[in-house]
Amino acid sequence: MSIRKDSLLLTPVKQRQISELLHREFSFAWKTAGAFGAHIAASIYRDGMMLGCGEHSEKTHPFQKKYGRHEDAIHLHAEIDAIIQASRNFRDLQGSVMVVARAKRSGPSQPFVYGMAKPCVGCQRAIAAAGIKEVYFTCDGDMEWDSL
């Protein structure tokens, strides 16, 4: 496990919990169909309970269009999909935590490894609007992660 941000901000227990959630999300990401060559998954948690999960897809959605960086950015991102799924069952996402993982291959026939999954500006706006307080994401490298 490698953390890019100042590890003093998180206790060792919290670091381990986040690492475990990200590894679980990574396992889900590499099993997705992927879209445009990207295998990205996101989940939202509160008090240890998963509220919703999503994956990057070629589907379109008006919520994605609302937060996309331009009017043609309408393909559903994993973060937006997770917010939509969580909002179906839970109206209030205030104070929740999102984890986002990307699985990529370093070459043909190579195993999946962690890839950069930092939410785009549009997804960051949607995350803030939903009241999600913490976001953790995988980075390029050997099980590296970071947060917003």
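**The largest pocket and its surroundings**

Author: Sorted by type, the residues lining the largest pocket are four nonpolar, four polar and seven charged. The model is a predicted one. The lining has 15 residues in total. Nearest the centre of the pocket lie Gln17, Leu21, Tyr45, Asp47 and Gly48. Two elements give two or more residues each to this lining: α1 (12-31) and β2 (39-46). Of these, α1 provides the largest share, with six residues. The space in the pocket comes to about 290 Å³.

Now take Asp47, one of the residues nearest the pocket centre. Asp47 sits in the loop between β2 and β3 (49-55). Is Asp47 buried or exposed? Its relative accessibility is 78%, so Asp47 counts as exposed. Its backbone also deserves a look. Most residues other than glycine have a negative phi. Asp47 is not a glycine, yet its phi is positive, at about 50°.

Ser109 counts as exposed because its relative accessibility is 78%.

The largest nonpolar core holds 24 residues. Which of them touch the most other members? They are Ile44, Ile83, Leu93, Met98, Val100 and Ile132. At least two residues of this core come from each of β2, α3 (78-89), β4 (97-105), α4 and β6 (134-138). The largest share, six residues, is supplied by α3.

Met98 shows how the parts meet. Leaving aside residues up to four places away in sequence, Met98 touches Ser43, Ile44, Glu79, Ala82, Ile83, Ile127, Ile132, Glu134, Val135 and Tyr136. Another core lies apart from the largest one. That core has 16 residues, among them Leu10, Ala29, Phe112 and Tyr136.

Just after α4 comes Gly131, with a positive phi of about 85°.

Key. Residues are numbered from 1 along each chain as its sequence is written. This is a predicted model: local features need pLDDT of at least 70, side-chain atom pairs count only at pLDDT 80 or more; totals for chains, interfaces and linings use all residues. Side-chain values use heavy atoms; hydrogens and water are left out. Helices (H or I, at least four residues) and strands (E, at least two) are DSSP runs, numbered from the N terminus. On a 1 Å grid over the protein atoms alone, a cavity is a set of points where a 1.4 Å probe fits but cannot get out, and a pocket is an open set with protein on both sides within 12 Å along at least five of seven lines; lining residues have an atom within 4 Å of a point. Grid points are joined across faces, edges and corners, and a volume is the space filled by probe spheres set on the points. Ala, Val, Leu, Ile, Met, Phe, Trp, Tyr, Cys and Pro count as nonpolar, Asp, Glu, Lys and Arg as charged, and the others, Gly among them, as polar. A nonpolar core is a set of buried Ala, Val, Leu, Ile, Met, Phe, Trp, Tyr and Cys residues joined through side-chain atoms within 4.5 Å. Buried means under 20% relative accessible area, exposed over 50%, partly exposed in between (1.4 Å probe, protein chains only). Contact means heavy atoms within 4.5 Å.
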